[in-house]
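Here is a short report on selected features of one protein model. Keep the sequence and the coordinates open while reading.

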Amino acid sequence: LFVLCMERLGHLINTCVADGRWKPIRVGRAGPLLSHLMFADDLLLYAEASLEQLSVIQGALHTFCEAAGQKVNPSKTMLYFSRNVPGDVRREIQRAAGFKASNDLGKYLGVPLLHGRISKTTYAQVLNKVRNKLEGWAAASLSLAGRVTLINAAAMSIPMYTMHSTMIPKSITMEIEKICRNFLWGHNNTQRKVHLLNWRDVTKRVEHGGLGIKCLNVMNEALRGKLYWRLIDRPEELWASVIRHKYSETGRRIPSFIPKGDASSLWKQLCRIWGKIEEGLSWNVGSSSITRFWEDKWVPNGSALKDCCWSVIPTQLKQRPIACFTCPDGSWNWGLFEHLLPPADLARVAACNPPSAFSPADKPRWQLFSHNSFRVSDVYKVLRAENSASGDFPWKLIWKTKCPQRLKMHMWLLGHDRLLT
């Protein structure tokens, strides 16, 4: 019921925008117009900083409150102004609205809504949450198996939500790993304990001799890879549209990912991860209005066709989409490319159905793994590129054995030759 009521408010705002009374802000010079954002019971309204627009906003809210029987709570409402708004205009709007102004909208679900340069203090609360979570348990009262479970279930899960939307500074992730490392081996300020195994080996997957604890720096990058994938797979989403318009990438399905000195931290992070993700990106052919025949990877289990040519590709064909290489009857137009490719690659093209205007749009796929779908866990494996800690030791056999977890941990230490005797 609450969601339906808020939908009604959204309709009121959209009507005001369509009538030209409400002047929304534009995100970037050519970006989308933004009038409001809603999530559960939180609401952000965007408009031109003027008394006229304040009157329009108040009118829409008054109409909604009259119909829904609700009121605006002044103590939970604040104004935020752009840096370009003059001081006298700010004061006039603030007096007319009766709400306090703020330069910081605070945090939402633990993530800062507004921040400048990301520093250690920006996400210090994440570090404090991990420290408080583990300090509430006495490491000496838990077995090694119990401490591993607590680290995986509690400590490592705390920073994950924040890392989905931003890059936590390495100083924070390293400090979190230090806290977890000390807790794992029972080390604290009053009692020093031997760390029986290197942390890099501990954070390997269980089949490679580790305990499956995530390396936070690598996980941070893997989650940036998820944002990169969504930017390509779902370009219609609001955040993706904003990013593409801001960096003039609206005409490309795959952005150029060129780093810029004045770019946001998110764009710089996407540029850094691009080179590591690009290798696994290929396309499922649909209508093929965007996938390029020569430049993009789309034939099964292969590289881009430009890398297979045994002669120079004509300039006029180099950037053409796949749809341009078909005949009017829907079959492949072999005369355009059969003289440029070896027989093996022509066979791979023949194994693919030609694009059709009645098919859905081309979809990206992740070809480094057999399931062809993008998963953060797979990106983590690619970025980590780890080897087994002790050659061909059957680590999986330890964890598949039907015995108490404490005994499995004992065998794990034995496999690493780290039993204290």
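## Helix α10 and its cover

Helix α10 spans residues 238-246. Its buried residues are Ala-240, Ser-241, Val-242, Ile-243 and Arg-244. The model is predicted. Cover for the buried residues of α10 includes α9 (216-233) and α11 (265-277).

After α10 comes Ser-248. The phi of Ser-248 is positive, near 55 degrees.

## Packing of α4 and α7

How do the axes of α4 and α7 cross? Helix α4 covers residues 124-135, and helix α7 covers residues 170-184. Their axes come within 10 Å and cross at roughly 5 degrees. Angles under 35 degrees count as roughly parallel, so α4 and α7 are roughly parallel to each other.

On the α4 side, the contact is made by Ala-124, Val-126, Leu-127, Val-130, Arg-131 and Leu-134. On the α7 side, Ile-172, Glu-175, Ile-176, Ile-179, Cys-180 and Phe-183 take part.

## Salt bridges

Side chains of opposite charge can pair when their charged atoms come close. How many salt bridges does a search of the whole structure find? The search finds ten.

One of them joins Arg-348 to Asp-345, with the closest N and O atoms 2.4 Å apart. Both residues lie in helix α13 (residues 343-350). They are three residues apart, about one turn of the helix. Arg-348 is buried, and Asp-345 is buried too. Elsewhere, salt bridges that share partners link Arg-230, Arg-234 and Glu-237 into one network.

Arg-205 pairs with Glu-207 in another salt bridge. Here the closest N and O atoms are 2.8 Å apart. Glu-207 is partly exposed, at 28% relative accessibility. Arg-292 and Asp-296 form a further salt bridge, with the closest N and O atoms 2.9 Å apart. Is Asp-296 buried or exposed? Its relative accessible area is 8%. Buried means under 20%, so Asp-296 is buried. Arg-292, at 27%, is partly exposed.

Where does Cys-352 lie? Cys-352 is in the loop between α13 and β10 (363-366). Its relative accessibility is 11%, so Cys-352 counts as buried.

Leaving aside residues up to four places away in sequence, Cys-352 touches Trp-298, Val-299, Pro-300 and Trp-332. Pro-300 is 52 residues from Cys-352 along the chain. The C-alpha atoms of Cys-352 and Pro-300 are separated by 8.1 Å.

## A nonpolar surface patch

Which residues form the nonpolar patch on the surface? They are Leu-37, Leu-44 and Leu-238. Together they have about 210 Å² of accessible area.

Leu-37 is found in strand β3 (residues 36-39). Its relative accessible area is 33%, so Leu-37 is partly exposed. Patches are made of residues with over 30% relative accessible area, and Leu-37 has 33%. Leu-238 also falls within the range of α10, residues 238-246.

## Trp-395

Helix α15 (residues 395-400) contains Trp-395. At 0% relative accessibility, Trp-395 counts as buried.

How far apart in space are Trp-395 and Asp-42? Their C-alpha atoms are 49 Å apart. In sequence, Trp-395 and Asp-42 are 353 residues apart.

Key:
Residues numbered from 1 in each chain as written. Predicted model: local features only at pLDDT ≥ 70, side-chain atom pairs only at ≥ 80, totals over all residues. Heavy atoms only, no water. Patch = residues over 30% accessible without salt bridge, like charges linked within 9 Å, V, L, I, M, F, W, Y side chains within 5 Å. Areas by Shrake-Rupley, 256 points an atom, 1.4 Å probe, with all protein chains shown as cover. Salt bridge = Lys/Arg side-chain N within 4 Å of Asp/Glu carboxyl O. Helix = DSSP H or I, 4+ residues; strand = E, 2+ residues; numbered from the N terminus. Buried < 20%, exposed > 50% of the residue type's maximum accessible area, 1.4 Å probe, protein only. Axes fitted to C-alpha atoms, helices over the stretch in contact; angles between N-to-C directions. Parallel < 35°, antiparallel > 145°, perpendicular 65-115°, else oblique. Contact = heavy atoms within 4.5 Å.
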